[in-house]
Amino acid sequence: MTLRPAAAAKAPGTAEPAVAPAAPAGPRRPRTRRRKSSRARSQAWAAYLFLAPWFLGLFAITLGPMIASLYLSFTDYSLLSQAHWVGLDNYDTMFTADDRYINSLKVTTTYVVVSVPLQLAFALGLAMALDKGLRGLSFYRSVFYLPSLLGGSVAISILWRKIFGTDGIVNTFLGWFGYHGQGWVTSPDTALWTLIILHVWTFGAPMVIFLAGLRQIPHNLYEAARVDGAGRVRQFRSITLPLLTPIIFFNAVLEVIKSFQSFTQSFVVSGGNGGPVDSTLFYTLYLYIKGFKNYEMGYAAAMAWVLLLIIGALTAVNFLMSRFWVFYGDDK
């Protein structure tokens, strides 16, 4: 019996088979990753292209004028002549030699401190009344929201001046009871209060936000409170008010900022001069008088930057104080 070898013997004169070269060491980048990176770059360029109008508006309409106004606040500029650098003279004059400026600060502060809490309280009370399952809720919500849309218009300000005038609706109503009222918008003691009432009347926007917040409170909390014998006042103090604190904080911040920027109401009701006896001289109205009536644009620019700092400081204080009275769902 003949045994065969496991591998045949190599014939003489035959060449060795070629050996494939070894693959180079190190990772190779897949083609899919290259495709993804090129696709991401193309998408980024498309995003920048669509954002270009926004960036153009940001730099040309917002940042550019802000930087220019900051420079003008350190100059003596009248819109009709070249600006001259005066340093901090405008800011020094505001707080040391301009009594009308100090009065405008007092009037605006009084307006904000009184009108904002009254407006929020009225909006919350009306929102709680509408949250009781009233029929036609969407209709009433739309009707009550209208004052927020119209309250800052010139037409409503003119109407308000007529209502509180000497022969207005208010005095006509008081005359039915034998009381002959005065001109409420022409008296230094009551003119500002007519504007405060107008601001409270524009309760629509915070009311809608309060109503949305009330809808998010679980009803089982009220049911458990009723089982424990809690009345309506206790339920409001222990359930409604704590759970609404984020909404109250949100509305308060927005309304404080908006109140400091109020202009149209004071301009129309007072005839553009903040009267009578500067009792309705809002900060923004005095800024307008300085910049566009007296042509002291450098001084007006300085007033604008001080207003920005005041609003920013008050907003920061609100956020710092919110940790002591605002309660969120994840608080322990």
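## Aspartate 131 and arginine 215

In this predicted model, aspartate 131 and arginine 215 form a salt bridge whose closest N and O atoms are 2.7 Å apart, the term standing for a side-chain nitrogen of Lys or Arg within 4 Å of a carboxyl oxygen of Asp or Glu. The two residues are 84 apart and link distant parts of the chain, with aspartate 131 in the loop between helix 3 and helix 4 (137-150) and arginine 215 in helix 8 (residues 204-215); helices are DSSP runs of H or I with at least four residues, numbered from the N terminus.

Aspartate 131 has a relative accessibility of 21% and arginine 215 a relative accessible area of 45%, so each counts as partly exposed, the class between buried (under 20%) and exposed (over 50%) with a 1.4 Å probe and protein chains only.

## Two further pairs

Across the whole structure, 4 salt bridges are found, including that between arginine 100 and aspartate 278, where the closest N and O atoms lie 3.0 Å apart. Because arginine 100 belongs to helix 3 (residues 99-130) and aspartate 278 to the loop between helix 11 (264-269) and helix 12 (283-293), this pair ties together parts 178 residues apart in sequence. Arginine 100 is partly exposed, at 31% relative accessibility.

Lysine 290 and glutamate 296 also meet through their side chains in a salt bridge, at 3.3 Å from N to O. Here lysine 290 is buried, with a relative accessible area of 11%, whereas glutamate 296, at 30% relative accessibility, is partly exposed.

## Basis of the values

Residues are numbered from 1 along each chain as its sequence is written, and side-chain values use heavy atoms, leaving out hydrogens and water. Local features need pLDDT of at least 70 and side-chain atom pairs count only at pLDDT 80 or more, while totals for chains, interfaces and linings use all residues.
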